[in-house]
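This report describes the strand pairing, helix packing and chain contacts of a predicted model. The sequence and structure are shown first.

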Amino acid sequence: MEMKVDNLSVARGGVPVLEGVNFTLGAGQVMILRGPNGSGKTTLLRTLAGLQPPLAGRVSADPEQITYGAHADGLKATLTVAENLRFWASVHGIDSISAAVADFNLQGLTHRPAGNLSAGQKRRLGLARLLVTGRPIWLLDEPTVSLDVASVGLFADAVRAHVAGGGAALIATHIDLGLQADTFDIGPFRADGVRGRSGQNRDGYADFDEAFT
Amino acid sequence: MIALLVRDMRLAMRAGGGFGLGLAFFLIVSTLVPFGVGPEAAILSRIAPGILWVGALLACLLSLDRIFQLDFEDGSLDLLATAPIPMEGTVAIKALAHWLVTGLPLTLAAPAFGALMNLQSPGHYWIFVTLLIGTPALSMIGAFGAALTVGLKRGGLLLSLLVLPLYIPTLIFGAEAATRGTAGLSALTPLLIMAGITAGSVALLPFAAASALRINLR
């Protein structure tokens, strides 16, 4: 189980936003994806998940091993917490949801309709879905939005347990999760048509201002 | 796949799911026609099969935009696209769920609603049979249209404009078979052509709809 990304270029709405992305994500590894707003983090994650084709380059990973956690949680407001989770579990051929419920502290909420949950509780339910997919590679887009400190801790624990079991995670986030992780920085999107190059550490905002002056 | 079917049907039955909406619309159309046409029993019973077909078709149209739009908006469609179910399977199951909560109730109710238009004796049987064979095509063609327009804000009207012309062949042969059957003539030819349209739609359109969805998800 390994995801190898080779000279990948991705585009959003026909506009190239990132090019020359190279990295390897191996079993047991957590990689944090960092970059300013609009730099192409979501586009990169969607491309890796197979939701859109790359502009150039290749991703070598079995799509059946990848699960994608987007901004939207994909929850149905009129189904209960347990029904939402059980649906995704059975789609992925997993029988039990009790571990996922316990890991994200949802025990008291299983019979509540997802529409009645708070934003943070919905997020926890959305993250619990990752556990019932049984897939080793997690691609997560801002997973900690609307989570409180305790829930961020639960999430970090879940990621730790996942990679300890041979999984891997690529997480786009702006906060420090306290994980043993590598960092992958992507440059800013350049309004002058020169694309930001990835994998470099530089002061992106200065470049961005420069493009307008 | 069964999990997806169960989920979609459960969502349709729950609050705001729209189950029964098409049926109520169908009942209202069937009630309005005698008011508009007048109480002549002979005219009503002659036009009843055609009116029932048009009414069922329009009722079917009402809930089409829900097939993919809600899943697109809450992110479920992205997750389904990365799930182990092939996209073609997702489309076919969602069309089946739409038929079970829309087409099938319309088919079961149509013979009873026919009484409002003085539908004569073998007509009840024929309207049931033709709708049973024809409505799966309506759901499948509708799912294809819904896949094309998913992601468009307020795409419902565009969806209707796209789908209604595609419904014409099913309507022509379905209503013709029902009319001929009611009049005691042989309805086999239009019935077989309509069955062919249904079989073709069910076999081919999941692939077309899945391609449209993949492009719209980019």
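## The parallel sheet of chain A

A:W138 has A:A169, in strand 7 of chain A, as its bridge partner. Strand 6 (residues 137–141) and strand 7 (residues 168–172) of chain A are paired in the parallel sense, over five bridges. Strands here are DSSP runs of E with at least two residues, helices are runs of H or I with at least four residues, and both are numbered from the N terminus. Two strands count as paired if DSSP finds at least two bridges between them.

## Helices on the parallel sheet

Contact between two residues requires their C-beta atoms, placed from the backbone, to lie within 7 Å.

## The antiparallel sheet of chain A

A further open sheet in chain A is formed by three strands in the order 2-1-4, with antiparallel pairing. Its edge strands are strand 2 (15–26) and strand 4 (56–60) of chain A, each of which pairs on one side only. The twist averages 20 degrees from one strand to the next.

Strand 1 of chain A is joined to strand 2 of chain A by eight bridges, and A:V5 has A:F23 in strand 2 as its bridge partner. Strands 1 and 2 of chain A form a hairpin with two residues between them, and A:G13 in the turn has a positive phi of about 60 degrees. Strand 1 (residues 2–12) of chain A also pairs with strand 4 of chain A, in the antiparallel sense and over four bridges. There, A:D6 stands opposite A:R58 of strand 4.

## Chain A as a whole

Chain A has six helices and eight strands, which follow the pattern β-β-β-α-β-β-α-α-α-β-α-β-β-α along the sequence. Among its contacts between residues at least 6 apart in sequence, 70% join residues at least 24 apart.

## Contact between the chains

In chain A, 20 residues are in contact with 20 residues of chain B. Strand 5 and helix 2 (81–91) of chain A are the elements that give two or more residues to this side of chain A.

## A glycine in chain B

B:G134 is found in helix 7 (residues 121–149) of chain B.

## Conventions

Residues are numbered from 1 along each chain as its sequence is written, while chains are lettered from A and ligands numbered from 1 in the order in which they are written. In this predicted model, local features need pLDDT of at least 70 and side-chain atom pairs count only at pLDDT 80 or more, whereas totals for chains, interfaces and linings use all residues.

Key:
Axes are lines fitted to C-alpha atoms, for helices over the stretch in contact, and angles run from 0 to 180 degrees between N-to-C directions.
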